[in-house]
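The following paragraphs lead the reader through a structure. They begin with the surroundings of its ligand and then turn to the sheet and the helices.

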Amino acid sequence: MHPDLVSVLRCPVCGDALALTARTANCPQRHAFDLAKQGYLNLLPSASTGIDGDSAEMVEARDAFLAGGFYGPIREALVAASLRALEEHDAEVVAEDGAEDGAGGAEDGAGGAVQGAGGVEDGAGGAEDGAGGAEDGAGGAVHGAGGVEDGAGGAVRGAEAGGMGDAQHALENRGKHDAEGGAQDDPADDSGHQAGTTAAGLVVEVGAGTGYYLAGVVAARARLWGLGLDVSRYAARRAARVDPERIGAVVCDAWRELPVQDAAARVVLNVFAPRNATEMARILAPGGVLLVVTPNQAHLAELIAVLGLVKVDEEKERRLSESLSGSFERTGSESVEVAMRLDHAAVERLVAMTPSARHTAKDELAGRIAVLADPVEVTLSVTLSTWRTV
Ligand SMILES: C[S@@+](CC[C@H](N)C(=O)[O-])C[C@H]1O[C@@H](n2cnc3c(N)ncnc32)[C@H](O)[C@@H]1O
Ligand SMILES: [Zn+2]
């Protein structure tokens, strides 16, 4: 994983900033996490061991199904919405800076100060709130923690709002300099390069699976970076391979504190995945956007009854609003609906990538697929909603 990406992460034990040395991510408190040989970082707190997420077979089936391009329209919609949000945000920052310049007060926010400031503030907050915090070994990856117990469930809160606000401001200034072509020679690069590089735009996908959507968004604009978070190490293995120069994969539990620094992301993606509103809001920078994809009633309807797939929850829409409403307000919503023509192999993969595969015996499923037309027309119908923090 690229060191710049590691530097936007935070230690799942104490909440301090992480930095990559050789193949180990360390925090100042000496908690250490080795990169897996497949390139992902396991930051799963010990309290979450036993939560496995998607199995190897499900991930493989998802990879193969998505490679068929059937969900391409979802990816295109996410790319367009991300670019729109980033452009709007750039325009807001330029307008704000213009106003500041006019008042004669604009400060450049040297990139070099960013990481240090974040780290120090994190340290203070982490030591206090995370007392009793270290844990014994996210899948055996933590060493040097000294036998304390799980801190991830507790309130290990990171940088103070004020501190990160400054950092964010500095990052955005760096981003603009880079955009003007000064990135390579900027002397601030030496000390502030880690977080500074990501300032151009970090996209985080929660429950990223194979990284299919994240890779699409990151590829759509120069100098975007991506972090794929997923509790499944099989998913993380794939996501780590999808674009290793620009996308990092981290194993973590979306229902606990995310191992990402406050205000680090400009876009958060959540596609058919667990939604922890407060954490997604915390990692979003001011002006950042959360993009959520949820299935509609018509989604895969032709297959649901015949194959006995898990139905879309009729209350999904209400539950989505409820789950996000304390932290976010909805700023937009669009439907993505197309007819897919799936041959039987694609149907098999589609079923195998969902939890339905666990509920129905293989032979029985094969028998039910055999009676379908080949190819069979199946509706893709999802809602892409856009949310901003309140
Ligand atoms: C339906 S898949 C969606 C994957 C990806 N967004 C896509 O659409 O291709 C849901 C993903 O959420 C992950 N997941 C489930 N529970 C999780 C948790 N508690 N924390 C993080 N990821 C989780 C699964 O491992 C799986 O990769
Ligand atoms: Zn630590």
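By class, the shell around ligand 1 holds 11 nonpolar, five polar and four charged residues (Ala, Val, Leu, Ile, Met, Phe, Trp, Tyr, Cys and Pro count as nonpolar, Asp, Glu, Lys and Arg as charged, and the others, Gly among them, as polar). Of these 20 residues, Gly 53, Gly 207, Gly 209, Ser 232 and Ala 254 come nearest; a residue is near when its C-beta atom, placed from the backbone, lies within 6 Å. This is a predicted model, in which local features need pLDDT of at least 70 and side-chain atom pairs count only at pLDDT 80 or more, while totals for chains, interfaces and linings use all residues. Residues are numbered from 1 along each chain as its sequence is written, chains are lettered from A, and ligands are numbered from 1 in the order in which they are written.

Eight strands form an open, mixed sheet in the order 4-8-7-6-9-10-12-11. Strands (E, at least two residues) and helices (H or I, at least four) are DSSP runs numbered from the N terminus, and two strands pair if DSSP finds at least two bridges between them. Strand 4 (41–42) and strand 11 (328–342) are the edges, each pairing on one side only.

Helix 8 lies across strand 4, strand 7 (225–230) and strand 8 (247–251). The axes of helix 8 (residues 233–242) and helix 2 (residues 56–67) come within 8 Å and cross at roughly 35 degrees; axes are lines fitted to C-alpha atoms, for helices over the stretch in contact, and angles run from 0 to 180 degrees between N-to-C directions. Ala 56, Val 59 and Asp 63 in helix 2 meet Tyr 234, Ala 235 and Arg 238 in helix 8, contact requiring C-beta atoms, placed from the backbone, within 7 Å.

How values were computed:
Contact = placed C-beta atoms within 7 Å.
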